Amino acid sequence: MATVTSTRPYHIIIFGASGFTGQFVVEEVARSAFEGPSGSLKWALAGRSRQRLEGVLNQAAETLRKPELRTEVEIIVADVSQADSLAIMCQQGLVVLNCVGPYRFYGEPVVKACIENGAHCVDICGEPQFLERMQLEYHSRAMDSGVYVIGSCGFDSIPADMGILYTKNQFKGTLTAVESFLTIHTGPEGGCAHDGTWQSAIYGFADSGSLRKLRKKFGHQPLPVVGATVKKRGSLFFSKEIDQYAIPFMGSDPSVVRRSQRFLYEGHQELPVRSNTTTHLYCLTGCLRSVTQRCHIVFPEFFSFGVFTKAGPSRKQMEGTSFSLTFFGEGYAEGLDPSQGRPNARICTQIHGAEPGYVATPVAMVQAAITVLNEPQFLPIKGGVYSPGAAFARTTLIDRLNRHGLVFSVKRF
Ligand SMILES: NC(=O)c1ccc[n+]([C@@H]2O[C@H](COP(=O)([O-])OP(=O)(O)OC[C@H]3O[C@@H](n4cnc5c(N)ncnc54)[C@H](OP(=O)(O)O)[C@@H]3O)[C@@H](O)[C@H]2O)c1
């Protein structure tokens with residue numbers, strides 16, 4: 001098995017650069033190139049159509065008002081269904097940013113090729129089944145080859161995962177539980193997400209049964225419980241904290257946060273923080289499950305009430321959209337024994353950022369990759385398949401995100 005070396009032609013290869021999300025990742029890499037090792041980043045685009053990739057590069061140059069990008073950025077043709085092409089791609093880069101989804105269909109060959117050819121892999125998967133299965137099946141192989149496979153580095157689930165670590169670091173004492181609330185703010189143009197994201201979400205919901213079987217295979221011991229239990233929430237509830245109705249969050253956040261908390265407990269003896277992730281009643285509700293999956297895939301716009309469309313949001317819609325994720329934490333003040341009595345201290349923190357799917361996601365993904373490149377000494381000692389919180393707990397990722405518009409702050413103690 002190959003291991004990661006720094007003698008490769010590219011620091012970053014964006015695979016799936018011609019996709020809806022991929023095109024914005026390309027722009028974000030171009031904007032952040034000065035943050036690469038030694039102040040410059042060598043990068044390439046990869047995908048199955050050279051012509052489409054050239055189109056993306058030209059469009060990015062136009063958007064960023066650069067005369068062109070073609071002379072500084074290479075194009076690599078690679079297809080998930082051709083293992084040789086993936087191997088050749090992975091041998092040329094230190095980090096592959098994988099934007100090819102749904103990951104349940106296309107993700108595994110990329111993870112495998114990265115591990116076998118010594119390239120770190122960062123993705124924006126929001127599918128817990130895929131993320132957990134990769135950990136189960138590839139963690140030890142990735143460790144052996146010193147490769148970091150870090151999934152869910154987009155809006156799913158960097159804000160939720162790093163937000164809990166931030167809240168814990170700001171809390172003066174022992175934080176034991178957090179409930180978080182997501183709000184999406186849209187401008188007069190409204191907002192939506194792209195069909196590719198929709199398909200990934202729908203296949204994920206439809207397969208939640210396999211997640212239970214998968215989790216049994218890990219054979220995990222239950223995590224210790226300290227403090228009051230987090231409130232069990234119904235499928236629609238009124239929250240006094242935010243004075244609004246909310247629904248449980250249906251994406252990968254709860255699974256990712258749990259994996260990070262387990263890693264920090266088992267690897268670093270840090271008391272795990274229990275959490276609930278919820279969404280304001282803004283977009284989708286549990287009624288999605290009652291409509292057949294096939295209809296969802298064919299008519300995303302209709303069945304998601306216009307939240308997901310084949311065309312994706314316009315740039316104007318994206319400019320008018322932002323999110324805030326608010327964390328209500330509780331625990332034991334400094335000096336108090338968390339095994340005695342009830343929690344007696346609180347904290348409220350928030351992450352505020354631009355449009356989640358195609359502005360905040362590329363920022364989070366690119367900053368995750370730049371952190372892998374610039375701060376290898378602060379990553380877990382060996383390679384492996386990690387959640388963002390596990391991989392980046394000791395890095396400066398939060399500071400980097402703050403500088404790029406994903407702003408973490410303490411609202412009140
Ligand atoms: N974490 C988050 O918050 C977040 C946010 C946004 C998106 N996402 C995820 O990102 C993924 C992509 O979403 P999207 O909306 O950008 O989808 P998309 O527009 O359909 O893009 C899919 C990409 O995959 C490529 N592809 C498909 N089959 C391939 C193959 N056999 N070999 C190589 N490339 C192949 C496509 O290439 P062609 O151009 O050649 O067709 C395209 O570049 C989804 O899983 C979505 O859930 C996550």
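Predicted model: local features only at pLDDT ≥ 70, side-chain atom pairs only at ≥ 80, totals over all residues.

Residues are numbered from 1 along each chain as its sequence is written.

Me: How many helices and strands are there in the protein?
Reply: Helices (H or I, at least four residues) and strands (E, at least two) are taken as DSSP runs, numbered from the N terminus. On that basis the protein has 15 helices and 16 strands.

Me: What percentage of the residues of the protein count as buried?
Reply: A residue is buried if 20 or more other C-beta atoms lie within 10 Å of its own, exposed if 12 or fewer, and partly exposed in between, with C-beta atoms placed from the backbone. Of the 413 residues, the share that counts as buried is 49%.

Me: Which residues of helix 3 are buried, and what puts them on the same side?
Reply: The buried residues are Leu 86, Met 89 and Cys 90. They lie on the same side of helix 3 because they cover an arc of only 95° around the axis, the arc being that of the directions from the helix axis to the C-beta atoms. An α-helix has 3.6 residues a turn, so residues three or four places apart point the same way. The names asked for are thus Leu 86, Met 89 and Cys 90, and the value is an arc of only 95°.

Me: What covers the buried residues of helix 3?
Reply: Contact here requires that the C-beta atoms of two residues, placed from the backbone, lie within 7 Å. The cover includes strand 1 (10–15), strand 2 (43–47), strand 3 (74–77), strand 4 (93–98) and helix 4.

Me: Why do helix 3 and helix 4 count as oblique to each other?
Reply: Axes are lines fitted to C-alpha atoms, for helices over the stretch in contact, and angles run from 0 to 180 degrees between N-to-C directions. Angles under 35 degrees count as roughly parallel, over 145 as roughly antiparallel, 65 to 115 as roughly perpendicular and the rest as oblique. Helix 3 (residues 83–91) and helix 4 (residues 103–117) have axes 9 Å apart and pack at an angle of about 50°. The pair is therefore oblique.

Me: Which residues of helix 3 and helix 4 meet, and how do they divide by class?
Reply: From helix 3, Ala 83, Leu 86, Ala 87, Cys 90 and Gln 91 meet Pro 109, Val 110, Ala 113, Cys 114, Glu 116 and Asn 117 of helix 4. Ala, Val, Leu, Ile, Met, Phe, Trp, Tyr, Cys and Pro count as nonpolar, Asp, Glu, Lys and Arg as charged, and the others, Gly among them, as polar. By this scheme the contact of helix 3 with helix 4 has eight nonpolar, two polar and one charged residues.

Me: Is helix 4 roughly parallel or oblique to helix 5?
Reply: The axes of helix 4 and helix 5 (residues 128–145) are 10 Å apart, at an angle of about 5°. Helix 4 is therefore roughly parallel to helix 5.

Me: Is Leu 214 buried, exposed or partly exposed?
Reply: Leu 214 lies in helix 8 (residues 208–218). Leaving aside neighbours within four places in sequence, Leu 214 is in contact with Gln 129, Glu 132, Arg 133 and Leu 136. Because 17 other C-beta atoms lie within 10 Å, Leu 214 is partly exposed.
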